[in-house]
Amino acid sequence: MIRQLNITALRGIEFGDIGPFAALTVIVGPNGAGKSTLLDAILIGTSPVPWEGLGRSILRRQFVARAARWLVWRADDQRPATIEVTCDNGDSRKTTLQFIPRTEQTEDRVQVSMSQKGSVVADISHEIRFTDRNEYDYGRIGRYELRGVPEVRFVDVSARSGQAPLHAIYSDAVETGRRRQARDIVTNVVEDLEDIEILSEQDVPVVHLVFADGSVPVALAGDGIHSLVRLSLELAARRGGIALLEEPEAHQHPRAIRQTTQAILEAVRRGIQVVLTTHSLELIDGLIEQAKPAEYSSMALFRVQLRKGKLLAVDVPGKEIVDAREKINDDLR
């Protein structure tokens, strides 16, 4: 489990640190406060294959051409970004990202250097190339896991391109034996739902919501239902490591938000570290109401903001979240 994160010159954060993280960490703050960048930093800094984590971080900005330029502070190709992650077992990793602008002969590149200490000692460097459309190629490279972080997954509840197919996530949930758990969460929101199944449309696997009188593709059931199904299956499919959630309440009705909090808490209880950003007081209330009092000590909330590039993070331990509700409400409203 990660405990501390230090950042220099990454996207809109010129410098800052945040921690200690808990088993469930909630990050709140106004727009432009660096919340998405914090998730990117964890994704890159803890990924068993840091180059792949970097590529996925860039792909999240599909709406920006040559998004790799904006990986570093003010798109300054003379100043590298650094991400330092420390785990609760003492393992640590420092990742340095140097953007190299394209020339007539080459595409945009990012030189990634990693120094890791702990169960695996590594000091390596590798280059990743990006096209104008943010497609990337990092070649073949080994895995360098942080002990206790076998996997880090950015769980994006949107239907944007570049996401893992929903049928693949469903299959993973079935393999872990938690298909029924995910289905029950969705059943509490979708009236008369009997099951979630993979059906075939012209030999293409498609996940359907199944009712007594027929079925509907999840993709056509509305954004709120789609996001709840994807989130539930993603968390059910995870065997460990870290799950990163960006505004999991997006498109959801309050009743669906309550089921989302249930899926999150069940994942934490299975040993998955969850770090999420939110603008929803309803989501935070749901986590507090459904958590057991003994679980408050494994929760943390950070109120973050940016001041001229400096990240300011105020830690609210889990047992104090209820008392700090009004201050949290100010950040969200």
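Before anything else, a note on names: helices (H or I, at least four residues) and strands (E, at least two) are DSSP runs, numbered from the N terminus.

**Ground rules**

I am looking at a predicted model, where local features need pLDDT of at least 70, side-chain atom pairs count only at pLDDT 80 or more, and totals for chains, interfaces and linings use all residues. Residues are numbered from 1 along each chain as its sequence is written, and side-chain values use heavy atoms, with hydrogens and water left out.

**Entry 1**

A75 sits in the loop between α2 and β4. Its phi is positive, about 55°, although A75 is not a glycine. I also looked up how open A75 is, and with a relative accessible area of 26% it is partly exposed. The cut-offs I used are these: buried is under 20% relative accessible area, exposed is over 50%, and partly exposed is in between (1.4 Å probe, protein chains only).

D203 is another one, with a positive phi of about 65° although it is not a glycine. I found D203 in the loop between β10 and β11. At a relative accessible area of 74%, D203 is exposed.

For a peptide bond, I checked G19 and P20: the bond joining them is cis, with omega about 0°. P20 belongs to the loop between β2 and β3 (24-28).

**Entry 2: β1 and its partners**

Which strands pair with β1 (residues 2-10)? I noted β4 (residues 81-87), antiparallel over 6 bridges, and β2 (residues 13-18), antiparallel over 5 bridges. Pairing here needs at least two bridges found by DSSP between the two strands.

I picked out a residue pair for each. L5 has V85 of β4 as its bridge partner, and T8 has F15 of β2. The hairpin of β1 and β2 has 2 residues between the strands, and R11 in this hairpin takes a positive phi near 50°.

**Entry 3: another hairpin**

β15 (residues 299-307) and β16 (residues 310-317) are paired antiparallel, over 8 bridges. I traced R303 across to its bridge partner, V314 in β16. There are 2 residues between the strands of this hairpin, and K308 has a positive phi near 50°.

**Entry 4: an open sheet**

I followed an open sheet of 3 strands in the order β10-β11-β12, paired antiparallel. Which strands are at the edge? They are β10 and β12 (214-217), as each pairs on one side only. Ignoring direction, neighbouring strands in this sheet are turned by 45° against each other on average. I counted on 7 bridges joining β10 to β11, which run antiparallel, and S200 stands opposite P205 in β11.

**Entry 5: helix α3**

Which residues of α3 (residues 166-175) are buried? I got L166, I169, Y170 and A173. Looking down the axis of α3, I see these buried residues fall within an arc of 105° (taken from the directions from the helix axis to the C-beta atoms), so they line one face of the helix.

What do the buried residues of α3 pack against? My list is β9 (152-155), α4 (179-187), β10 (195-201), β11 (204-211) and α5 (223-237). Contact means heavy atoms within 4.5 Å. After α3 comes G177, with a positive phi near 80°.

**Entry 6: α1 against α2**

The axes of α1 (residues 35-46) and α2 (residues 50-59) come within 7 Å and cross at roughly 155°. That makes α1 roughly antiparallel to α2. For the wording, angles under 35 degrees count as roughly parallel, over 145 as roughly antiparallel, 65 to 115 as roughly perpendicular and the rest as oblique. The axes are lines fitted to C-alpha atoms, for helices over the stretch in contact, and angles run from 0 to 180 degrees between N-to-C directions.

On the α1 side, D40, L43 and I44 make the contact; on the α2 side, P50, G53, L54, R56 and S57 do.

**Entry 7: H126**

Last, I looked up H126, which lies in strand β7 (residues 122-130). Is H126 buried or exposed? H126 counts as buried, at 18% relative accessibility. Leaving out residues up to four places away in sequence, H126 touches W51, V110, Q111, V112, Y138 and I141.
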